[in-house]
Amino acid sequence: MERNWAPRHWPESHLTGVTLIAAAAMLAAPLWSVWAPAMPDYPAHLASFALIEQGTGNKFYHLHWDFVPNLASEVLVPILARLTGLVVAAKLFVTAAIFLWVLGPGAVHRALYGRTGIAPLFGSFFAYNANFVWGFFNYYLSSGLSFAVFAAWIATQNRNGIARLAGFTFVVTLLYFCHVFATASLLLMIAGFEMTQNFRLEHRDLKALARRAMRVAILYIPAGLAFLFLKPHGEDDNAVIFNLADTMLDRFESLVQHAFDDSAYVLPIALFAGLGLALCLRKARLHPAMWGTLGLLLIGAVLAPEWAFGGWAVHLRLPAVFGAMLFASAELPMKPATRTALVALVLVTIAWCAITLAQNWLVYDRQFREFQAALEEVPRGARMLTVLDGDAIGDRPDQPYWHMAEFAVPERGVFTPLLFTTKGQHVVQLNAPYEKFAAASAQQGSPPDVDELGFLARGQMVQDPDIEDDMPYLNHFQCHFDIAVVVHLDGKRTPVPAMLRLRHSGTFFSFYDILPDRTCKP
């Protein structure tokens with residue numbers, strides 16, 4: 001018989017679920033305090049949504065719909081934008097994802113225990129993970145959806161009819177087209193749960209385990225077939241790179257972040273240490289049905305590759321999922337007064353995290369607004385290149401500016417080499433001949449430094465292995481681009497090559513006309 005996991009001493013407050021909603025609302029508030037959140041990928045996503053909403057592309061880009069397992073925002077945001085406008089639609093999408101990251105683990109907890117306890121509230125901090133801060137729209141929402149699907153799977157575990165299998169098979173297939181890695185993380189959760197339930201309830205009966213495995217396999221048959229036979233092939237699809245030693249700190253830092261490149265080291269340490277101490281003192285317990293799920297997620301968080309299927313940051317996907325599921329699995333029985341005090345403490349800390357993020361984003365937002373206002377200086381239909389002045393930027397993060405030029409795609413109809421157009425991964429594709437002058441993979445997705453322009457202009461690609469591997473499309477860039485956006489912030493600016501002529505000087509960036517030279521063919 002399944003053990004009754006009702007609280008031993010004190011009933012949970014019916015208001016605990018409301019606190020999850022309050023936490024999600026506070027975590028989402030920074031999105032609505034700025035025009036453009038400082039997520040490195042946000043401008044490129046926004047430009048793609050604009051092109052999809054228009055439905056026709058332009059002389060540089062066209063739309064190519066295919067069976068890409070990375071479509072959540074590309075489908076939903078342009079549709080919603082018809083009602084709300086593009087910026088609001090993008091914010092609503094990310095807001096929904098935050099709510100899923102907070103309420104989804106709460107739903108898992110409720111499915112396990114029959115009520116909503118305080119533990120998932122502690123897991124709310126993991127909503128501010130690296131996937132959110134980077135702006136990985138599709139995975140972030142899809143992983144939030146995977147929590148909800150997993151909660152429904154647990155809640156319906158006693159119904160093994162055809163209708164349940166058919167319904168979940170359909171949902172898993174939809175999740176696959178939202179994002180393939182979220183489907184994989186859901187597989188780890190369901191497989192671990194089913195294996196543990198076999199150990200607990202069926203005494204490791206192999207026939208019963210085979211039946212459970214068969215049900216899980218059925219869920220993934222359509223998604224598996226779509227991956228094998230329908231997924232379009234892209235650049236570096238077969239490359240799998242682990243870099244475990246070099247990325248181990250990144251995995252921990254991805255758990256909770258105050259802002260981009262500002263990891264909240266203290267919070268996850270305090271959360272894990274506090275739960276560990278409570279478990280040792282028998283003041284908390286983990287639901288026994290979740291040991292398999294937590295084990296598989298932890299293994300995945302530690303051992304996932306850095307690169308897989310043409311995508312980067314695979315190693316950042318699972319750590320926060322593990323953290324959220326760990327606290328969804330926990331039960332913290334306590335006196336009402338203690339619970340109320342802890343809830344207040346957590347909500348105050350969440351508010352502080354949200355305020356910290358909003359303050360950080362407001363600084364970037366002023367810069368992005370200045371850049372947007374200056375776009376009047378950019379000729380329509382120009383070919384635009386982002387360049388970083390690394391010496392002037394110094395130790396400050398430059399990633400929030402990598403895709404800043406993409407703000408000009410919907411505003412001025414420009415071409416940029418870093419818009420998301422990777423074959424096999426994105427809807428927006430390049431028209432010939434511009435695909436030769438754009439990044440073909442995630443590895444090529446960073447801008448050049450101003451010190452590298454001379455080598456690139458002369459075609460001396462072998463002078464630097466990084467240039468040859470990461471920027472082959474910028475060979476003789478002066479022949480193929482019209483405008484350079486040089487980001488220098490407020491540091492001492494590095495002299496630019498002679499082929500750049502100043503067009504506009506801003507407080508943190510400058511526009512330069514790129515002058516073709518004698519090596520350029522007419």
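Biologist: Why are Arg115 and Glu331 both called buried?

Modeller: Both residues are buried, which means that each has under 20% relative accessible area, whereas exposed means over 50% and partly exposed lies in between (1.4 Å probe, protein chains only). This is a predicted model, in which local features need pLDDT of at least 70, side-chain atom pairs count only at pLDDT 80 or more, and totals for chains, interfaces and linings use all residues. Residues are numbered from 1 along each chain as its sequence is written, and side-chain values use heavy atoms, with hydrogens and water left out.

Biologist: What makes Arg115 and Glu331 a salt bridge?

Modeller: Their closest N and O atoms are 2.0 Å apart. A salt bridge requires a side-chain nitrogen of Lys or Arg within 4 Å of a carboxyl oxygen of Asp or Glu, so the pair qualifies. Arg115 lies in the loop between α4 (86–113) and α5 (119–123), while Glu331 belongs to strand β7 (residues 330–331), and 216 residues separate them. Helices (H or I, at least four residues) and strands (E, at least two) are DSSP runs, numbered from the N terminus. Together with Arg285, the two residues are linked in a network of salt bridges. The whole structure holds 11 salt bridges.

Biologist: How do you know that Asp482 and Arg383 meet in a salt bridge, and where in the chain are they?

Modeller: The N to O distance is 2.8 Å, which falls within the 4 Å limit, so the pair is counted. Asp482 is in the loop between α19 (465–470) and β10 (483–487), and Arg383 is in the loop between α15 (336–374) and β8 (384–388), 99 residues apart.

Biologist: Are Asp482 and Arg383 buried, partly exposed or exposed?

Modeller: Asp482 has a relative accessible area of 26% and is therefore partly exposed. Arg383 has 24%, so it is also partly exposed.

Biologist: What makes Arg396 and Asp490 a salt bridge, and which parts does the pair tie together?

Modeller: The closest N and O atoms are 2.7 Å apart. Arg396 lies in the loop between α16 (390–393) and α17 (408–412), and Asp490 in the loop between β10 and β11 (500–505), so parts 94 residues apart in sequence are tied together. Arg396, at 36% relative accessibility, counts as partly exposed. Asp490, with a relative accessible area of 63%, is exposed.

Biologist: How do you know that the size of the chain agrees with a compact globule?

Modeller: With 522 residues, a compact globule would have a radius of gyration near 24 Å, and the chain has 25 Å, so the two agree. The radius is taken over C-alpha atoms, and the globule rule is 2.2 Å times the number of residues to the power 0.38. The C-alpha atoms fill a box of roughly 85 × 50 × 45 Å along the principal axes. The chain contains 19 helices and 12 strands, and buried residues make up 57% of its 522 residues.

Biologist: What is the confidence in the chain, and where does pLDDT stay under 50?

Modeller: pLDDT is the predictor's confidence in each residue, from 0 to 100. The chain has a mean of 94, and 97% of its residues reach 70 or more. Over residues 5–11, pLDDT stays under 50, and the model has 21 contacts (heavy atoms within 4.5 Å) beyond four places in sequence for them. Where pLDDT is low, the predicted coordinates should not be read in detail.
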